[in-house]
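Please examine the model displayed below.

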Amino acid sequence: MRPMEQRTILVTGATDGLGRALAADLAGRGATVLVHGRDDERGQATIEEIRDRVPDARLHWYRADLASLGQVRELAGAVASEHKGLDTLVNNAGIGTTVPGGSARQESADGHELRFAVNYLAGYLLTRLLLPVLTAAAPSRIVHVSSLGQAPIDFDDVMLVKEYSGVRAYCQSKLAQVMFTVDLAEELAGTGVTANALHPATYMPTKMVASPSSELREGVEATSRLVTDPELEEVSGRFFDGIRPAHALEQAYDPGARARLRALSDSLTGL
């Protein structure tokens with residue numbers, strides 16, 4: 001890969017928690033960082049905070065609410081029009097088991113179960129739309145910030161209309177990310193574009209977590225490794241627990257299940 005000073009990296013969900021710390025880490029390494037969030041005020045505060053630490057940081061702000069597929073399309077269009085190549089896409093943005101909305105089932109702007117929409121579908125669509133600029137910058141990388149908290153997808157009730165819980169919604173969205181990762185690795189073999197997923201750390205101190213049990217630094221180090229480590233240049237389709245190779249739920253490795261998810265995702269996102 002190119003030196004960090006020549007790389008452009010998009011981090012979604014970069015105004016809080018892991019995303020914010022990761023954006024600062026990558027900017028400190030010299031990369032041009034595209035900072036995404038859904039609030040301009042938080043975005044400006046994030047950029048100011050990073051520039052306090054890295055005065056010559058090269059940062060670009062992009063606002064989009066990933067609960068709207070229309071705004072995801074606008075985000076992809078803006079990035080693609082302003083950057084000829086994208087070295088890494090980090091799909092980090094997400095919502096937890098209860099925040100926002102407590103224990104009640106919620107829907108996105110497009111009528112999809114909210115956690116499936118934000119944690120998975122938005123990243124699916126964004127990745128698909130940005131593949132041309134990722135391929136143009138190859139060797140390049142796609143990193144999905146997933147979780148060890150996973151649940152199999154019930155294709156008869158993907159939107160959890162019949163039986164909802166925030167934990168199940170979150171966990172199935174995170175498995176869907178890994179399924180997409182495995183799919184992408186097979187699809188992109190030989191293109192120079194890799195795709196990997198990870199559980200960055202357990203219960204980091206972010207707004208999703210009430211009782212943290214690990215340091216944010218651990219998650220940043222693990223995620224940054226997938227973005228920057230030259231030894232991982234040809235590693236693709238893998239799931240990591242921190243820096244250790246790990247195994248996702250079996251459904252992630254089921255070609256039939258992945259094909260069903262891919263067809264559903266294409267349909268729901270209008271691809």
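Arg20, Ala23, Ala24 and Ala27 of helix H1 meet Arg42, Ala45, Thr46, Glu49, Ile50 and Arg53 of helix H2, where contact means heavy atoms within 4.5 Å. The residues of this contact divide into 5 nonpolar, 1 polar and 4 charged; Ala, Val, Leu, Ile, Met, Phe, Trp, Tyr, Cys and Pro count as nonpolar, Asp, Glu, Lys and Arg as charged, and the others, Gly among them, as polar. The structure is a predicted model, in which local features need pLDDT of at least 70 and side-chain atom pairs count only at pLDDT 80 or more, while totals for chains, interfaces and linings use all residues. Residues are numbered from 1 along each chain as its sequence is written, and side-chain values use heavy atoms, with hydrogens and water left out.

Helices (H or I, at least four residues) are DSSP runs numbered from the N terminus. The axes of H1 (residues 17–28) and H2 (residues 40–53) come within 10 Å and cross at roughly 40 degrees; axes are lines fitted to C-alpha atoms over the stretch in contact, and angles run from 0 to 180 degrees between N-to-C directions. H1 and H2 are therefore oblique to each other (angles under 35 degrees count as roughly parallel, over 145 as roughly antiparallel, 65 to 115 as roughly perpendicular and the rest as oblique).

For H3 (residues 69–82) and H4 (residues 114–136), the axes come within 9 Å and cross at roughly 25 degrees. That makes H3 roughly parallel to H4. On the H3 side, Leu69, Val72, Arg73, Leu75, Ala76, Val79 and Ala80 meet Leu121, Ala122, Leu125, Leu126, Leu129, Leu130 and Val133 of H4. The residues of this contact comprise 13 nonpolar, no polar and 1 charged.

A cavity is a set of points on a 1 Å grid over the protein atoms alone where a 1.4 Å probe fits but cannot get out, and lining residues have an atom within 4 Å of a point; grid points are joined across faces, edges and corners, and a volume is the space filled by probe spheres set on the points.

The largest cavity holds about 50 Å³ of space, and its lining includes Thr12, Asn91, Ala122 and Leu126. H4 gives the most to this lining, with 5 residues. The second largest cavity has a volume of about 40 Å³. Its lining divides into 5 nonpolar, no polar and 3 charged residues, among them Tyr120, Asp183 and Arg258.

Definitions and conventions. Helix = DSSP H or I, 4+ residues; strand = E, 2+ residues; numbered from the N terminus. 1 Å grid on protein atoms, 1.4 Å probe; cavity = no way out; pocket = protein on both sides within 12 Å on 5 of 7 lines; lining within 4 Å.
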